[in-house]
Amino acid sequence: MSRRKLRVGVLFGGKSSEHDVSLVSARSVMAAIDKTRYEVVPVGIERDGHWLRGGDPMAQLTAGEYASPLPAAQLAQDAAPPRVDFAFLAGETAVQLVNGASSPMAPQVDIIFPVLHGPMGEDGTVQGLLDLVNIPYVGCGVLASALGMDKLVCKAAFAAQRLPQVPYVGLLRRRWEAEPDAVLAELEAQLPYPMFVKPANMGSSVGISKAHNRLELAAGLHEAARYDRKLVVEQGVDGREIELSVLGNDDDVLVSLPGEVVPGNEFYDYAAKYLLDNSQLLIPAPLTPALTQEAQALARAAYLALDGAGLARVDLLLDRGSERLFINEINTMPGFTSISMYPKLWEASGLAYGALIERLLELALARHADRQRNVTTR
Ligand SMILES: Nc1ncnc2c1ncn2[C@@H]1O[C@H](COP(=O)(O)OP(=O)(O)O)[C@@H](O)[C@H]1O
Ligand SMILES: [Mg+2]
């Protein structure tokens with residue numbers, strides 16, 4: 001008798017401005033999961049935070065412009081999934097988290113792949129929920145997810161490990177709004193132009209701008225302050241953008257070959273990332289063996305500094321003048337379509353997209369099993 005297939009809940013959409021990016025990543029993941037070994041249970045999250053499960057929530061979130069890879073029988077069951085606050089059954093233990101007494105039964109899942117980018121998904125919130133329900137999930141836990149999402153706290157964690165970073169200043173939106181002139185003067189005293197202005201908690205370059213002068217700096221702070229209560233201003237580097245994929249749990253991690261992004265715009269902004277198709281990915285990045293090794297060591301160190309699990313993509317800046325490498329950021333749920341940098345780097349390193357997904361599911365189960373070893377009594 002063969003055991004029933006493991007049910008993989010794939011979470012997508014979400015309450016972040018990276019909602020659409022998540023849908024694209026999740027479609028790739030659901031298409032590639034080995035259906036002979038796993039059953040896919042799609043769970044969509046609407047922009048307002050309601051969860052859709054049962055039937056075909058992807059079709060609902062994309063208004064029909066999507067050919068589902070799921071079996072027709074599964075889709076026919078429930079064309080219009082009910083909206084609930086959230087709902088799962090965890091393995092055989094039947095923990096049910098449903099708001100609203102009249103909600104129908106939640107789907108049973110054995111493992112979750114949260115294909116969510118940005119706040120309320122990649123930042124530890126969903127990871128905390130899944131920990132509470134005790135469901136294994138792909139990727140980093142609460143701490144690494146939260147650290148990775150907050151550019152300011154993340155910089156502090158990297159600094160504690162003496163990892164190289166560009167000079168930066170952090171500030172509260174409150175302060176900027178209360179004393180704009182003083183803030184501008186302080187920033188100009190501390191950092192040369194061009195500067196990069198960023199919301200501390202965001203992704204996909206949303207809310208990020210490059211400032212060449214005071215006018216642009218003020219406009220950039222105003223824009224970034226729409227997205228977060230904490231802001232980061234960094235010294236701009238004339239740099240090449242080098243990215244590496246990290247895969248593993250604890251200190252048992254693999255680091256891919258480095259790749260390079262050549263942005264089609266002045267920097268790798270939202271349009272260059274998703275709209276214009278004018279950027280290039282170079283895989284592997286044309287780097288000397290010494291720089292390749294240094295980049296790989298930095299990526300590993302950044303992952304360990306955050307106590308990463310499962311996966312992360314570590315993004316570096318390589319200063320063209322000095323040839324120095326700086327850590328720019330870590331993404332704990334990087335873009336995950338089959339043509340995204342993260343899986344492409346693994347493909348170039350010998351691990352195909354489908355096998356990568358399988359490996360991530362295994363890592364999630366292993367990490368969960370390891371956590372079950374912890375004694376909870378004295
Ligand atoms: N200090 C910097 N110097 C030069 N370019 C930068 C700097 N910071 C960010 N950029 C550019 O802005 C892009 C987005 O910034 P990043 O910090 O990676 O934010 P996100 O998390 O939104 O991807 C980078 O890919 C790069 O093109
Ligand atoms: Mg980035």
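Student: What share of the contacts in the chain with a separation of 6 or more comes from residues 24 or more positions apart?

Tutor: A contact means heavy atoms within 4.5 Å. Residues 24 or more positions apart account for 66% of the contacts with a separation of 6 or more. This is a predicted model, in which local features need pLDDT of at least 70 and side-chain atom pairs count only at pLDDT 80 or more, while totals for chains, interfaces and linings use all residues. Residues are numbered from 1 along each chain as its sequence is written, chains are lettered from A and ligands numbered from 1 in the order in which they are written, and side-chain values use heavy atoms, with hydrogens and water left out.

Student: How many helices and strands are there in the chain, and how many of its residues count as buried?

Tutor: Helices (H or I, at least four residues) and strands (E, at least two) are DSSP runs, numbered from the N terminus. The chain has 13 helices and 17 strands. Buried means under 20% relative accessible area, exposed over 50%, and partly exposed in between (1.4 Å probe, protein chains only). Of the 378 residues, 52% count as buried.

Student: Which residues of helix H12 are buried, and what covers them?

Tutor: In H12 (residues 341-348), the buried residues are Met 341, Tyr 342, Pro 343, Leu 345 and Trp 346. Their cover includes strands S12, S13, S14, S15 and S16 (310-319), together with helix H13 (353-372). Just after H12, Gly 350 takes a positive phi of about 105°.

Student: How many salt bridges does the structure hold?

Tutor: Side chains of opposite charge can pair when their charged atoms come close. A salt bridge is a side-chain nitrogen of Lys or Arg within 4 Å of a carboxyl oxygen of Asp or Glu. The structure holds 20 of them. In one of these, Lys 230 pairs with Asp 150, with the closest N and O atoms 2.7 Å apart. The pair links distant parts of the chain, 80 residues apart: Lys 230 is in strand S11 (residues 230-235), and Asp 150 is in the loop between helix H5 (142-149) and helix H6 (151-160). Both Lys 230 and Asp 150 are buried.

Student: Which residue forms a salt bridge with Glu 234, and which parts does the pair tie together?

Tutor: The partner of Glu 234 is Lys 198, and the closest N and O atoms are 3.0 Å apart. Glu 234 lies in strand S11 and Lys 198 in strand S9 (residues 195-199), so the pair ties together parts that are 36 residues apart in sequence. Glu 234 counts as buried because its relative accessibility is 3%, and Lys 198 counts as buried because its value is 6%. Lys 155, Lys 198 and Glu 234 are linked in a network of salt bridges.

Student: Where is Lys 151 placed, and which residues does Lys 151 touch?

Tutor: Lys 151 is in helix H6 and has 10% relative accessibility, so it counts as buried. Leaving aside residues up to four places away in sequence, Lys 151 touches Lys 198, Pro 199, Ala 200, Met 202, Val 232 and Glu 329.

Student: Which peptide bonds are cis, and which residue has a positive phi although it is not a glycine?

Tutor: Most residues other than glycine have a negative phi, and most peptide bonds are trans. The bond from Tyr 193 to Pro 194 is cis, with omega near 0°, and Pro 194 lies in the loop between helix H8 (180-190) and S9. The bond from Ile 283 to Pro 284 is also cis, with omega near -5°. Asp 250 is not a glycine, yet has a positive phi of about 50°. Asp 250 lies in the loop between S12 and S13 and is partly exposed, with a relative accessible area of 48%. Glu 323 likewise has a positive phi, of about 60°, and lies in the loop between S16 and strand S17 (325-331).

Student: Why does Asp 251 count as exposed?

Tutor: Asp 251 counts as exposed because its relative accessibility is 52%. The loop that holds Asp 251 runs between strand S12 (239-249) and strand S13 (252-255).
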